[in-house]
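Here's a quick briefing to read with the model open beside you.

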Amino acid sequence: MAQTKIKWLSHAGFQITSAKGKVIYIDPWFENPISSFKLDNVQEATLVLVTHDHFDHVGQAAEVVKKTGALLVANVETARKLQSEAQIPAEKVCYFGYGMNIGGNLLYEGISVTMTQAFHSTATGAPCGYVIKLEDGTTIYHAGDTGIFDSMKLLGELYKIDVAFLPIGSVFTMNTLQAAWAAKLIAPKKVIPMHYRTFPILIQDAKEFVELARREAPSVEVLALNPGEEYVYVK
Ligand SMILES: [Zn+2]
């Protein structure tokens, strides 16, 4: 049985370890009040994915890339900005330094990464989400920072998502009601809520989301993790 380890680092940050031991970081922002996971805890990594250039998402992405030699995946303009500001060598950015864009796909060391749309703001390029298909077929969707959109249903149908990471915190992203409906549209097996609790203005716990998701998407299991907590998905 294939086991994928999924650790919610806090906020939109995740560490995914595939059954074959490949490590992926998404939006690795460790310098926040609820993250006990720090750069020192980073050992190896194959890929670092960034959804957009806001500080709470870029976080320590450049440091992780430099420390591990992982490949950075970001949109074209954010990739360019990180290369010049954080001095990441072009060969450590996907597609020889170009980055990619919405709809684009990267196959790297047996892992498929597809950039998906997200409705949000950003200073460079367009914000995005990612569909990640691991070597064993386990498929994970990180929605990025976004409001709800009805083609989430299409993503669910197209990619048959096992685990979806959905923002629930409101203010900058979907709130609990939109996220519950997003769970219904995507119809993954599991949902892990994210982008809440970090700042006082965000929704502070997942209770309401759990209740709404139970009502709107009863077949989807919600896993409300604590920052730093790891969940093992068995395919
Ligand atoms: Zn943002």
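Let's start with Tyr95, which sits in the loop between α3 (76-85) and β6; helices (H or I, at least four residues) and strands (E, at least two) are DSSP runs, numbered from the N terminus. Bear in mind that this is a predicted model, where local features need pLDDT of at least 70, side-chain atom pairs count only at pLDDT 80 or more, and totals for chains, interfaces and linings use all residues. Residues are numbered from 1 along each chain as its sequence is written, and side-chain values use heavy atoms, with hydrogens and water left out.

**Loop residues with positive phi**

- Tyr95 isn't a glycine, yet it has a positive phi of about 55°.
- With a relative accessible area of 36%, Tyr95 is partly exposed (buried means under 20% relative accessible area, exposed over 50%, partly exposed in between, using a 1.4 Å probe and protein chains only).
- Glu109 is another non-glycine with a positive phi, about 50°, and it lies in the loop between β6 and β7.
- Glu109 is partly exposed too, at a relative accessible area of 42%.

**The sheet**

- Seven strands make an open sheet in the order β6-β7-β8-β9-β10-β11-β12, with mixed pairing; two strands pair if DSSP finds at least two bridges between them.
- β6 and β12 (221-222) are the edge strands, each pairing on one side only.
- Helix α5 (residues 176-186) packs on the sheet and touches β9, β10 (163-167) and β11 (190-194), where contact means heavy atoms within 4.5 Å.
- The direction of α5 makes about 155° with that of β10; axes are lines fitted to C-alpha atoms, for helices over the stretch in contact, and angles run from 0 to 180 degrees between N-to-C directions.
- β6 (residues 105-108) pairs with β7 in the antiparallel sense over four bridges, and Tyr108 has Ile111 of β7 as its bridge partner.
- The two strands β6 and β7 form a hairpin with two residues between them.
- β7 and β8 are also antiparallel, over six bridges; Val113 stands opposite Ile132 in β8, and Met115 stands opposite Tyr130 in β8.
- β7 is mostly covered, with six of its seven residues buried.

**The zinc site**

- His52 (NE2), His54 (ND1), His120 (NE2) and Asp145 (OD) coordinate the zinc ion at 2.1 to 2.6 Å. Donors are N, O and S atoms within 2.8 Å of the metal (3.2 Å for Na, K and Ca), and water is not among the atoms, so sites may look incomplete.
- The four donor atoms subtend angles of 81 to 174°, so the arrangement is irregular. Four donors count as tetrahedral if all angles lie between 85 and 135 degrees; four count as square planar and six as octahedral if opposite donors are over 155 degrees apart and all others between 65 and 115; anything else is irregular.
- Asp145 is buried at 2% relative accessible area, whereas His120 is partly exposed at 23%.

**Aromatic pairs**

- The structure holds eight aromatic pairs. Rings of Phe, Tyr and Trp (its six-membered ring) pair if their centres lie within 6.5 Å; planes under 30 degrees apart count as stacked, over 60 as edge-to-face and the rest as tilted.
- One of them is Phe14 with Phe165, a stacked pair at 3.7 Å centre to centre and 10° between the planes.
- That pair links distant parts of the chain, 151 residues apart: Phe14 is in strand β2 (residues 13-17) and Phe165 in strand β10.
- Phe14 is buried at 0% relative accessible area, and Phe165 is buried at 0% as well.
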